[in-house]
Amino acid sequence: MKLTAINVYNVDLPVAGGYKMATTSVSFLQSTVVELVTDSDITGFGETCPVGPVYQPHHMLGARAALEEIVPSLIGLDPRNIGQLNRAMDAALNGSRYAKAAIDIAAWDISGKSYGRRVCDLLGGATGETIPTYYSITVASPEEMAREARERQLEGYPRIQLKIGGRDVEEDIETIHRVKEAIKPGMRVAADANRSLTTRDAIFLSQRCRNISMVLEQPCNSMDEIAAIRNQLCHPVYMDELAEDVSDVMRAISNGLVDGFGMKLTRVGGISALRTVRDICEARSLPHTCDDAWGGDIIAAACVHVGATVAPTRFEGTWIAAPYIEGNYDEENPVLIERGRIKVPTGPGLGITPDRSKLGSPIMSFG
Ligand code: 0XW
Ligand code: MG
């Protein structure tokens, strides 16, 4: 099998209700969908969709420029040789893993379809028919965040992530206490500052919430800041944005900076890289999520497939953007949340086929 053409599509993804984090808020995103066409009747789809230009050092136009640089050198390769495909991408362009991730995801989709297996089966096998997700509560008043936490618990979510930061730390401390009062035991909680806290405020917050069982996610902006305050914090620390690749994951672990990760699929380079992170975390008994910063059904399906292969005792769930997106790329096989869980797609490959009418005409074509 050989790659004969690669098409790139734009998909508008308005963010229903907006999404507010400490350092940025987004209301309209444009996703980049990649189609790998082969000399057989099999095609594969991948996707990358930064949640705006501030969350990580990624942006929509950057992903498209990187794909333009990379893609011509892939024509003629067998997409099922995913390791070789990734090396060819690295030989064509240094970095921009979030763009390469779209190609990697599509290559896994093709491999699954070619071998007649789901991506999760190729990755080691799914732990069940559904996997847990978590609900991310965006920055709002302490009362509103507490009310929403309670509602999401009643809906069946096993975990919530509270977005904190970007305001007076006293309001975040009050929010965490009010949420704790509003929920019944059993709900796991992460407080995610998205890099925004000073080391001073991270210490205040953690020490004043010391009796509340929760994880502190991505409190500060650098590994050095986290290292400086780690032994003054009263909570386990999860790393998200700063774990940019497999090497960062190993550095964070070997320097004793983390107790787990909020792990993102496209940031580390796609399904192949996320599988490596999964295995490193398994070797060191570290919990983690398997999600992405944003994206439609292709990214959601890819995250669910990897998430389905993580040992349940260490799995923190797969967050997907579905609650903020109207409609699905594949209305027959949508990736949906029901009572805090997501069904693992059943078809070969990623198990979803985007409706062409949602993709429109390609914005770039190669081959
Ligand atoms: C909750 N998320 C997975 C979605 C947003 O992009 C932020 C992200 C996170 O954990 O930081
Ligand atoms: Mg996070």
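How many residues does the hairpin that joins β2 to β3 pass through? In this predicted model, the hairpin joining β2 to β3 passes through four residues, and the two strands, which run antiparallel, are joined by six bridges. Within this pairing, Val-33 stands opposite Glu-47 of β3. Strand β3 is mostly covered, five of its six residues being buried.

Two packed helices are described by the angle between their axes and the distance between the axes. For helix α1 (residues 60-70) and helix α3 (residues 97-115), the axes come within 8 Å and cross at roughly 65°, and the crossing in which α1 passes α3 is right-handed. On the α1 side the contact is made by Gly-62, Ala-63, Ala-66, Leu-67 and Ile-70, and on the α3 side by Tyr-98, Ala-99, Lys-100 and Ile-103. Sorted by class, the residues in this contact of α1 with α3 are seven nonpolar, one polar and one charged.

Arg-64, also located in helix α1, has a relative accessible area of 12% and is therefore classed as buried, the cut-off for this class being under 20%. Apart from neighbours within four places in sequence, Arg-64 is in contact with Asn-10, Gln-30, Ser-31, Thr-32, Ile-363 and Met-364. One of these residues, Asn-10, is 54 residues away from Arg-64 along the chain, and the C-alpha atoms of the two are separated by 9.6 Å. Towards another, Ser-31, the side chain of Arg-64 reaches the backbone oxygen at 3.1 Å.

A second open sheet is formed by six strands in the order β5-β6-β7-β8-β9-β10, with parallel pairing. Because β5 (135-137) and β10 (260-261) stand at the edges with a single partner strand each, one side of each is left without a neighbour in the sheet. Strand β9, comprising residues 237-239, is joined to β10 by two bridges, and the two strands run parallel; here Met-239 has Phe-261 of β10 as its bridge partner. Strand β6, comprising residues 159-163, pairs with β7 in the parallel sense over five bridges, among them one in which Leu-162 has Ala-191 of β7 as its partner. Four of the five residues of β7 are buried, so this strand is largely enclosed by the rest of the structure.

The loop that runs between β7 (188-192) and α7 (199-208) contains Asn-194. With a relative accessibility of 0%, Asn-194 is counted as buried. When residues up to four places away in sequence are not counted, Asn-194 touches Met-21, Thr-23, Tyr-55, Lys-163, Glu-217, Gln-218 and Glu-241.

Most residues other than glycine have a negative phi, and most peptide bonds are trans. Ser-285, by contrast, has a positive phi near 55°; this residue lies in the loop between α11 (271-283) and α12 and, with a relative accessible area of 52%, is exposed. Arg-339 likewise has a positive phi, near 50°. Arg-339 is found in the loop between β11 (337-338) and β12 (341-343), and at 65% relative accessibility Arg-339 counts as exposed, a class that requires over 50%.

Notes:
Residues are numbered from 1 along each chain as its sequence is written. Chains are lettered from A and ligands numbered from 1 in the order in which they are written. This is a predicted model: local features need pLDDT of at least 70, side-chain atom pairs count only at pLDDT 80 or more; totals for chains, interfaces and linings use all residues. Side-chain values use heavy atoms; hydrogens and water are left out. Buried means under 20% relative accessible area, exposed over 50%, partly exposed in between (1.4 Å probe, protein chains only). Contact means heavy atoms within 4.5 Å. Axes are lines fitted to C-alpha atoms, for helices over the stretch in contact, and angles run from 0 to 180 degrees between N-to-C directions. A crossing is left-handed if the near helix is turned anticlockwise from the far one by less than a right angle, and right-handed if clockwise. Ala, Val, Leu, Ile, Met, Phe, Trp, Tyr, Cys and Pro count as nonpolar, Asp, Glu, Lys and Arg as charged, and the others, Gly among them, as polar. A polar contact is a pair of N or O atoms within 3.5 Å; within protein, one must be able to donate a hydrogen and the other to accept it, and residues adjacent in sequence count only if both atoms are side-chain atoms. Two strands pair if DSSP finds at least two bridges between them.
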